[in-house]
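Welcome, and please open your viewer. We will go from stop to stop, with something to select at each one.

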Amino acid sequence: MKTVGALLLLSILPAVAQEPVIVGSKKFTESYVLAEIAQRSLGNAGIRAAHRQGMGGTIILWEALRTGQISAYPEYTGTIAEEILKLSPPLSLEAMRQELAQHGVGITEELGFNNTYALVMRRSVAERLGLRTISDLRAHQQLQFGLTHEFIARRDGWTPLAQRYGLATPRVRGIDHGIGYEALRNGSVDVKDAYSTDAKIAENDLVALEDDLRFFPQYKAVFLYRLSLPGPAITQLQSLAGTLDEPRMIRLNAEAERTKDYARAADLYFNTSGSHGETLPHKLLRWTARHLQLAGIALLLSVVVGVPLGIVASRGGALGHAILSITGVVQTIPSLALLALLVPLPFFGISGRTAIAALFLYGLLPIVRNTATGLQDIAPPIRESAIALGLSAAAQLRQIYLPIASRTILAGIKTSAVINIGTATLAALIGAGGLGEPIISGLNLNDHATILQGAIPAAVLALVVQWSFDLLDRLLIPKGLRL
Amino acid sequence: MEALVKLRGVSKTFGAATALHPLDLAVERGKTTVLIGPSGCGKSTLLRLIIRLLEPDRGTVDFDDEPITSANIAERRQQIGYVIQDGGLFPHLTARDNVMLMARHLGRPADESNARLQELCALTRFPADALSRFPVELSGGQRQRVSLMRALALSPRLLLLDEPLGALDPLVRAALQKDLREIFTRLQQTVILVTHDLAEAAYLGDRIVLMNEGRVVQEGTIRDLREKPTSEFVTDFVSAQRSLVLT
């Protein structure tokens, strides 16, 4: 009971209930910057808005928008036609607007720039091999390709591109966008996909190979939004149309990557000087509180469900085996895959709920297994004495078996708690916040300092949780078992 | 003879092995009945059948002329004290809490329970200042005294002792044997004691039941067993033990 109380305290730290306009962004710099600009623009008009950062790829964002979990996000015309509507471009903005309306989704006018895909290489390598166009790649099939997973799978991505240009499938590896630039720099890949407004191209002295067969469609940036949004919010999003040409977008992207701060890029857009931003300690506090909240609620659920399941499992039989097998199998699902499986389900979606549900499932096994083992390990003479005394079954469990098994059960809860703190960093992938937020931003920006802003507190938190449980052991494990 | 416990046609098998052949036995009120015999003879099984840690395959166990059933066993267990070889004390509870567990569970008034605790300490010669120790902090002999107090806490009508002194060294064992005899006499307690030590049986038992391979071989006093053995097994068992005593 004391455990439950302590965990309750942990979990109610920050309050969350608000209903702002949620602007989502994909997992790359430009999307963060555009969403940040939209949020700021809404805020300037007195509309409460929040930015849910780096939620994932096109499908996740589109589903989140369609189902109302977010209200708007920046998208590109080529992607809308190819990936969302599955229609062949060229498709006029008007035609898209009609198709999208069937999903309850609206589209703004073009923001101004075209961010198409490009294949990029280090300038020195391209010059040495005399490569200028994508067609030129045909003669150099020994090159290593490091492409994003999304580009490899897209209908306007790698496979049709290779077909169109007659590139025999050379060595292609799937790699994260931010890390891909690192790989390009240290020579472990030679060619990668990029966005043409990507600030990294100039920064890293890369060249974009010319799309000489005009394969890539136009990727004009727009905002998609829910038609159910209030009129003033839509007007505000529309007001951003035509305000961003390519050089300006590249400059904003470069500013975001230079300062490691998307808000600074938004400042540049609005020409406001950047003293508005949260200080690092404040951000750390916010991330940590959210992290503890996610992990704490999940742990509480794991205990409330896991201990009774463990009690049932300790009795063996088909049911006991089933419980241990199922909780074991859940543990083998990779955490990213578990999140991806939960996101499309009703009730879950892109939210803290999904993160908590995933953490809860991961937390179950250690608690169930330790509860079952702890109870099974109680010596037969103890059990028989408890029965022979005439204690009721409930009293045997509550007064004798659970206290004797408490050390093992608490060890299971401790394991769950530490696993939870680590795994909760993935919650940021679905916009649930926590210390994963700087980690994912950092991966994206390929900036170690930002990664460490999340990674170090997460590690410290895991240690603190471990120590707290060691203290809790002294409170909860009966003294007679500690002698 | 007035019997508190009567076994009628009670038998038990474990898989293919027969632990107890159909058996009748009467346990006299206020007396100590000793079950003795070689390992695996069924003496402990018999005890566990009475307190229903095991279900008999056939037959009934009467307690006070009423069959023990799964419906009344919970109530019956509160009238039966049970002590096993290693005490079976709960390691997370102090000596006091082990003894008072059932009294508290049944909501007995605290002052009544405390008075009872003082009585039990005096009866079992357990030092009252050791009551707040945990089982791991007690000696083997003290643990058995606590276990005995726990078994006697609710003033049971029947006391079952399964090799209670089996794991103790000879001096402690002798002291406890003496104390047990006094306690049984003072309380006029009905006792069933399981042991494999004939000297202990002779010292504590009013009546000795010798068992072998799941059957009762002979019942009577130690004198009956020595002087009027009914089979060669009885002679062998008694002489084997006597030779040990004499050397």
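Which residues lie nearest the centre of the second largest cavity? Select Phe28(A), Thr29(A), His177(A), Asp198(A) and Glu257(A), which lie nearest the centre among the 12 lining residues.

Before going further, a word on the ground rules. This is a predicted model, in which local features need pLDDT of at least 70 and side-chain atom pairs count only at pLDDT 80 or more, while totals for chains, interfaces and linings use all residues. Residues are numbered from 1 along each chain as its sequence is written, chains are lettered from A and ligands numbered from 1 in the order in which they are written, and side-chain values use heavy atoms, with hydrogens and water left out.

**Stop 1: the second largest cavity**

A cavity here is a set of points, on a 1 Å grid over the protein atoms alone, where a 1.4 Å probe fits but cannot get out; lining residues have an atom within 4 Å of a point. Its volume is the space filled by probe spheres set on the points, which are joined across faces, edges and corners. For the second largest cavity that volume is about 100 Å³. Now colour α2 (29–44), α9 (177–185) and α12 (246–259) of chain A: each supplies at least two residues of this lining. Helices (H or I, at least four residues) and strands (E, at least two) are DSSP runs, numbered from the N terminus. The lining has three nonpolar, five polar and four charged residues. In this scheme Ala, Val, Leu, Ile, Met, Phe, Trp, Tyr, Cys and Pro are nonpolar, Asp, Glu, Lys and Arg are charged, and the others, Gly among them, are polar.

Next, colour domain 1 (19–114 + 218–270) and domain 2 (117–209) of chain A; both give residues to the lining, so the second largest cavity lies between them. These bounds come from an automatic or database domain assignment.

**Stop 2**

Rings of Phe, Tyr and Trp (its six-membered ring) pair if their centres lie within 6.5 Å; planes under 30 degrees apart are stacked, over 60 edge-to-face and the rest tilted. Over all chains, the whole structure holds 12 aromatic pairs. Zoom in on Tyr117(A) and Tyr195(A): their ring centres are 5.5 Å apart and their planes at 40°, so this pair is tilted. The pair links distant parts of the chain, with Tyr117(A) in strand β5 (residues 117–122) and Tyr195(A) in strand β8 (residues 192–195), 78 residues apart. Both Tyr117(A) and Tyr195(A) are buried (under 20% relative accessible area, with exposed over 50% and partly exposed in between, for a 1.4 Å probe and protein chains only).

**Stop 3: the largest cavity**

Of five cavities of 30 Å³ or more, the largest holds about 140 Å³ of space. Select Leu389(A), Ile80(B), Gly81(B), Arg150(B) and Ala151(B), the closest to its centre of the 14 lining residues. Then show α18 (380–389) of chain A with β6 (80–83) and α5 (140–152) of chain B, the elements that give two or more residues to this lining. By class, the lining of the largest cavity divides into nine nonpolar, three polar and two charged residues.

Stay with Arg150(B), which lies over the face of Phe90(B), 4.6 Å from the ring centre. In chain A, the charged end of Arg383(A) sits over the ring of Tyr401(A), also at 4.6 Å from its centre. The rule asks for NZ of Lys or CZ of Arg within 6 Å of the ring centre and within 35 degrees of the ring normal.

**Stop 4**

Select residues 43–50 of chain B, helix α1, where six of the eight residues are buried. Among them are Leu46(B), Leu47(B) and Ile50(B). Just after α1(B) comes Arg52(B), with a positive phi of about 65°. Most residues other than glycine have a negative phi. Arg52(B) is found in the loop between α1 and β4 (58–63) of chain B, and is buried at 14% relative accessible area.

Finish at Asp65(B), in the loop between β4 and β5 (66–67) of chain B. Asp65(B) has a positive phi of about 65° although it is not a glycine. Is Asp65(B) buried or exposed? With a relative accessibility of 55%, Asp65(B) counts as exposed.

Key. 1 Å grid on protein atoms, 1.4 Å probe; cavity = no way out; pocket = protein on both sides within 12 Å on 5 of 7 lines; lining within 4 Å.
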